[in-house]
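Let's take a walk through this protein together. Keep the picture in view as you read.

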Amino acid sequence: MTKILVIGGGFAGCIASHMLTDKGYDVTLIEKGPVLGGGCRTLVYGGHPYTIGPRHFLTKKEEVFEFLNQHIPMRRYPDGHEFLTYIEKDQSFWHFPIHRDEVEEMPDREKILEEFKDCPGPEGAKNLEEYWLMSVGPTLYGKFVESYSKKMWQIDSNTEITDFGFTPKGVAIKTGPKGAWTEAISGYPKAMNGYDDYFDISTRNTKVHLNTPIEEYDVENRRVKVAGEWHTYDIIISTIFPEVLMNNAFGPLRWMGRDFFKIVLPVKKVFPENVYFLYYANQEPFTRIVEYKNFYHYDSPTTLLGLEIPSFNNKYYPFPMKADQDRAQQYFDALPKDVYSIGRAGTYRYIDVGNIIEQALEMFRSF
Ligand SMILES: Cc1cc2nc3c(=O)[nH]c(=O)nc-3n(C[C@H](O)[C@H](O)[C@H](O)COP(=O)(O)OP(=O)(O)OC[C@H]3O[C@@H](n4cnc5c(N)ncnc54)[C@H](O)[C@@H]3O)c2cc1C
């Protein structure tokens with residue numbers, strides 16, 4: 001029987017194991033940590049369930065939502081969801097993506113409307129700064145994007161960002177109904193342990209090794225060394241950092257991380273209804289705050305907020321610069337036959353849970 005090794009037990013590793021064991025393959029999963037689920041694992045603080053940063057489920061594909069829903073019942077947010085950005089200059093929260101109607105309420109609306117007349121649209125923009133300047137003009141760019149993006153990537157200029165397909169959620173300025181973001185299906189697992197049951201369901205026919213460090217990688221021969229012994233497989237599916245898998249063959253890849261802080265407040269609820277993320281686009285060190293009750297829906301006299309500060313202490317976000325993407329591509333081009341690299345770290349792409357499920361459905365259905 002074909003022997004497959006999956007490296008990493010986050011969402012990508014679990015769904016790969018799920019689909020491949022369903023097809024009858026002999027699958028082994030090696031996870032270096034003590035639990036499955038990676039960043040989507042639900043933890044508990046002060047009696048409140050949470051994940052490191054939000055892990056709000058979003059997809060444009062019904063099939064992707066249904067795939068998860070058939071295994072773990074999902075709560076769907078039919079009214080969409082709202083993101084707000086705090087703009088210190090206006091001392092106000094405004095919706096993000098920026099809404100065209102809300103511009104009319106801004107103190108500097110006349111200047112912004114004047115600038116709109118000179119905006120050619122984003123076509124042909126070579127970097128993130130150009131994209132925004134060409135889309136909305138300097139005032140809105142300055143308020144919503146300039147400091148936020150420099151903070152997010154710890155860079156001096158947004159002209160450095162040359163791969164910006166990930167932002168800004170498909171539109172620079174939104175029209176139509178104000179507030180809710182209804183372009184994607186939005187939801188979260190109903191269970192108080194979030195996605196966790198899926199990690200068990202998906203790996204029930206897999207040989208799972210937790211707390212298992214891999215000492216050496218030899219992808220040419222599809223083998224890894226664990227506890228001093230080499231183990232050889234027919235196929236390797238890696239979800240980990242490509243530079244680790246391939247012994248830094250093309251040099252280091254850059255990653256941005258997050259320091260994460262949990263804050264319990266002595267009130268039942270803080271955020272307005274339907275508001276899922278609060279972004280901070282000014283000089284504060286943090287980028288985003290979430291309230292976990294919005295995802296987990298439970299009653300309690302206190303509430304938990306999660307606050308993220310960009311840092312280099314861990315590796316969560318691939319850098320959106322062409323030079324970094326090109327170096328990652330060198331790794332992918334050099335992958336030997338029957339070695340695949342998937343997931344967020346594994347593709348060096350800023351992709352979400354919905355994208356990871358979509359990727360797995362496409363890739364493993366025909367395996
Ligand atoms: C702060 C933050 C907030 C996010 N919010 C959202 C959101 O709101 N909505 C959304 O859809 N997506 C969100 N995402 C993205 C989403 O969570 C990821 O796309 C998804 O979880 C990635 O799954 P993965 O399996 O590729 O990686 P991970 O979840 O990172 O899993 C990788 C696994 O591999 C293991 N591993 C690493 N190295 C090794 C090794 N050498 N050997 C063995 N095991 C190893 C790790 O321990 C981990 O378990 C967020 C991401 C971050 C960082």
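Start where two parts of the chain meet: six residues of domain 1 are in contact with eight residues of domain 2, contact being heavy atoms within 4.5 Å. Domain 1 covers 3-41 + 195-253 + 320-364, and domain 2 covers 82-179; such bounds come from an automatic or database domain assignment. This is a predicted model, so local features need pLDDT of at least 70 and side-chain atom pairs count only at pLDDT 80 or more, while totals for chains, interfaces and linings use all residues. Residues are numbered from 1 along each chain as its sequence is written, and side-chain values use heavy atoms, leaving out hydrogens and water.

Taken over C-alpha atoms, the centres of domain 1 and domain 2 are 36 Å apart. Together the two domains bury about 650 Å², with 69% of it on carbon and sulfur atoms. (Buried area is the accessible area, with a 1.4 Å probe, that two parts lose on being put together, summed over both.) On the domain 1 side, Pro320, Met321 and Tyr350 supply 80% of the area buried against domain 2.

What about charges? Between the domains the count is one salt bridge, meaning a side-chain nitrogen of Lys or Arg within 4 Å of a carboxyl oxygen of Asp or Glu.

Now look inside. The largest nonpolar core has 102 residues, and Phe11, Trp132 and Ile357 touch the most other members. A nonpolar core is a set of buried Ala, Val, Leu, Ile, Met, Phe, Trp, Tyr and Cys residues joined through side-chain atoms within 4.5 Å, where buried means under 20% relative accessible area (1.4 Å probe, protein chains only). Both domain 1 and domain 2 give residues to this core, so it lies between them.

Terms used:
Buried means under 20% relative accessible area, exposed over 50%, partly exposed in between (1.4 Å probe, protein chains only).
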